[in-house]
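I opened my notebook to go through one protein model. The entries below record what I looked up.

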Amino acid sequence: MYDKIFVFLNKFFKKSTLFKTMFNLSPMYKRSCGKITFVSDDLLLVKIKIPLTYKNRNYVGSMFGGSLFSATDPIYMIQLMYVLGNDYVVWDKSSDIRFKKPAYENAYVTFEFSLEEIETIRKRVEVEQEVNYIKNLLITNREGVVFTELNKTLYISSKTHYKEKRKLKNQLT
């Protein structure tokens, strides 16, 4: 559903504007308490803010860990889907989260891919057909003090390979 809306609205608005607006309006993302504050025109850089509010404050007054995690969960996957384009399949495969310090204030996260990373991903998928790509992520305060570290594993495949793999799996079951 979101993809069809995105394609239609892309005729009138920049991709970066749509990415930011649609995420911030999405009910699933709003519940995380995260808010996208910046998206570069090439979608390689996304910044979010996770404000500490009554909605995500836990029993001891710090930010609920689930809110920290859920606000970061979908960004890399969807960011990479739009950067790579329709010839690729991208899934969140796993996440490893390590809480370092309680967040008693607003939290900030930067999601970034370099052009070199994108080229490496494309070349690896061309050769290997499917890859697991790990991105590291820090959730910090405004001054850069780390609250949480995450490792996100993204599954990336060519759409052709993914369809063949699913077709074969369905034939075997």
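The entries cover the ground rules, a helix, the strands, the salt bridges and the surface.

**Ground rules.** I noted that this is a predicted model, in which local features need pLDDT of at least 70, side-chain atom pairs count only at pLDDT 80 or more, and totals for chains, interfaces and linings use all residues. Residues are numbered from 1 along each chain as its sequence is written, and side-chain values use heavy atoms, with hydrogens and water left out. Helices (H or I, at least four residues) and strands (E, at least two) are DSSP runs, numbered from the N terminus.

**Helix α5.** I looked up how residues 75-84 are placed. Eight of the 10 residues in α5 are buried, so the helix is largely enclosed by the rest of the structure. The buried ones are Ile75, Tyr76, Met77, Ile78, Gln79, Leu80, Val83 and Leu84. After α5 comes glycine 85, with a positive phi near 100°.

**Strands.** I counted two strands as paired if DSSP finds at least two bridges between them. Strands β1 (residues 35-39) and β2 (residues 45-50) run antiparallel and are joined by four bridges. Isoleucine 36 stands opposite isoleucine 48 in β2. The two strands make a hairpin with five residues between them, and leucine 43 in the turn has a positive phi of about 65°. I then found β2 paired with strand β4 (residues 107-112), also antiparallel, over six bridges. Here lysine 49 stands opposite tyrosine 108 in β4.

**Salt bridges.** How many salt bridges does a search of the whole structure find? It finds nine. The test is a side-chain nitrogen of Lys or Arg within 4 Å of a carboxyl oxygen of Asp or Glu. Side chains of opposite charge can pair when their charged atoms come close.

I looked at lysine 152 next. Its side chain meets that of aspartate 73 in a salt bridge of 3.1 Å, N to O. Lysine 152 lies in strand β6 (residues 146-158) and aspartate 73 in the loop between α4 (65-72) and α5, so the pair ties together parts 79 residues apart in sequence. Lysine 152 also forms a salt bridge with aspartate 92, with the closest N and O atoms 3.8 Å apart. Aspartate 92 is in strand β3 (residues 88-99), so this pair ties together parts that are 60 residues apart in sequence. Lysine 152 is buried at 0% relative accessibility. Aspartate 73 is partly exposed at 28%, and aspartate 92 is partly exposed at 24%.

My next entry is aspartate 96, which meets arginine 98 in a salt bridge of 2.7 Å, N to O. Aspartate 96 is partly exposed at 38%, and arginine 98 is partly exposed at 27%. Asp96, Arg98, Lys100 and Glu149 are linked in a network of salt bridges.

**Surface.** I looked for nonpolar patches, made of residues with over 30% relative accessible area and no salt bridge, whose nonpolar side chains (Val, Leu, Ile, Met, Phe, Trp, Tyr) are joined within 5 Å. Phe8, Phe12 and Phe13 form one, with about 350 Å² of accessible area together. Accessible areas come from the Shrake-Rupley method with a 1.4 Å probe, and for residues only the protein chains shown count as cover. Phenylalanine 13 lies in the loop between α1 (2-9) and α2 (15-25), and is partly exposed at 45%.

Conventions:
Buried < 20%, exposed > 50% of the residue type's maximum accessible area, 1.4 Å probe, protein only. Patch = residues over 30% accessible without salt bridge, like charges linked within 9 Å, V, L, I, M, F, W, Y side chains within 5 Å.
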